[in-house]
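Welcome! Please take a look at the protein shown here, and then read through the briefing below it.

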Amino acid sequence: MTKHAIGLIFVIIICVTLSSWTSAHSESAPDREYLIKAAFLYNFARFVNWPDDAFPDAHSPLSLCIVGKDPFLDALKTIKGKTIRGRKLEITHLARIENLEQCHMLFISASEEHRLPEILDTLREESILTVSDMSRFALRGGAIHFITVSSKIRFEINVDATDTVGLKISSKLLKLARVVHTGRRQGAH
């Protein structure tokens, strides 16, 4: 399958996910950018494999955590409770960086940029997929960085960060990403 065909399939999946959001528009309605990013988060979970010991059992939920100021507003309602490989997707908002080990995916808000080295250092040996849209996130040791290219949301993947913590990224997802090699593992400064 060509890169173009895989990209088209990924876009269709995102559009289907977005169309499931039927909440009435209100002051707290998420903007389009974060609806798209929520759909990407769901699809990242579909195309990443965690080590068996990342879950207590075969039916444990997959936990997406948000640390810091939540930029998604209600956008995450579009993916909450969906099932990924038999695991229900749970969403947790964390005020502090304690208990991060309960997360499988961690979106690190730009409000936490000043604590990024501390957060990544805390996760250095945890099988947690870190995602953010803060500047140079993948180059600084994070796993997936949302970027904007020609007014479109894209992403880059730091394969060194994911490999080090035992996360296996599907080749289909890697074909859509800008792949970053830092030569350092997640959390290294």
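What follows is a short tour, topic by topic.

This is a predicted model, in which local features need pLDDT of at least 70 and side-chain atom pairs count only at pLDDT 80 or more, while totals for chains, interfaces and linings use all residues. Residues are numbered from 1 along each chain as its sequence is written, and side-chain values use heavy atoms, with hydrogens and water left out.

**The overall picture**

- The protein chain has five helices and 10 strands; helices (H or I, at least four residues) and strands (E, at least two) are DSSP runs, numbered from the N terminus.
- Of the 189 residues in the protein chain, 50% are buried; buried means under 20% relative accessible area, exposed means over 50%, and partly exposed lies in between, using a 1.4 Å probe and protein chains only.
- Among contacts (heavy atoms within 4.5 Å) between residues at least 6 apart in sequence, 62% join residues at least 24 apart.

**The sheet**

- Eight strands form an open sheet with mixed pairing, in the order β3-β4-β2-β5-β6-β7-β8-β10.
- β3 (83-84) and β10 (178-180) stand at the edges with a single partner strand each, so one side of each has no neighbour in the sheet.
- Two strands count as paired if DSSP finds at least two bridges between them.
- As background, strands of a sheet pair through backbone hydrogen bonds, either parallel or antiparallel.
- β3 and β4 run antiparallel and are joined by two bridges, with Thr83 having Lys88 as its bridge partner in β4.
- β2 and β4 pair in the parallel sense over six bridges, and Leu62 stands opposite Leu89 in β4.
- β5 and β6 run parallel and are joined by three bridges; here Leu106 stands opposite Thr130 in β6.
- Three bridges also join strand β8 (residues 152-158) to β10, and these strands run parallel; Ile157 has Val179 as its bridge partner in β10.

- Helix α2 (residues 32-46) lies across β2 (62-67), β3, β4 (87-94), β5 (105-108), β6 (129-132), β7 (144-149) and β8, running at about 35° to β8.
- For that angle, axes are lines fitted to C-alpha atoms (for helices over the stretch in contact), and angles run from 0 to 180 degrees between N-to-C directions.

**Residues in loops**

- Ile79 and Ala38 are 41 residues apart along the chain, and their C-alpha atoms are separated by 7.1 Å.
- Gly166 lies in the loop between α4 (159-164) and β9 (168-169) and counts as partly exposed, at 24% relative accessibility.
- Leaving aside residues up to four places away in sequence, Gly166 touches Asn49 and Pro51.
- Gly166 and Asp52 are 114 residues apart in sequence and 10.0 Å apart in space, C-alpha to C-alpha.

**Positive phi values**

- Most residues other than glycine have a negative phi, and most peptide bonds are trans.
- Arg85 takes a positive phi near 50° in the hairpin of β3 and β4, which has two residues between the strands.
- Arg136, in the loop between β6 and β7, has a positive phi near 55°.
- Ser151, in the loop between β7 and β8, has a positive phi near 65° and is exposed, with a relative accessible area of 75%.

**The second largest pocket**

- A pocket is an open set of points, on a 1 Å grid over the protein atoms alone, where a 1.4 Å probe fits, with protein on both sides within 12 Å along at least five of seven lines; lining residues have an atom within 4 Å of a point.
- How much space lies in the second largest pocket? The answer is about 160 Å³, where grid points are joined across faces, edges and corners and a volume is the space filled by probe spheres set on the points.
- Its lining residues include Asp53, Pro56, Cys103, His104, Glu125 and Ile128.
- The lining of the second largest pocket has four nonpolar, three polar and four charged residues; Ala, Val, Leu, Ile, Met, Phe, Trp, Tyr, Cys and Pro count as nonpolar, Asp, Glu, Lys and Arg as charged, and the others, Gly among them, as polar.
- Ile128, in the loop between α3 (116-122) and β6, is buried, with a relative accessible area of 1%.
- Ile128 and His104 are 24 residues apart in sequence and 4.7 Å apart in space, C-alpha to C-alpha.
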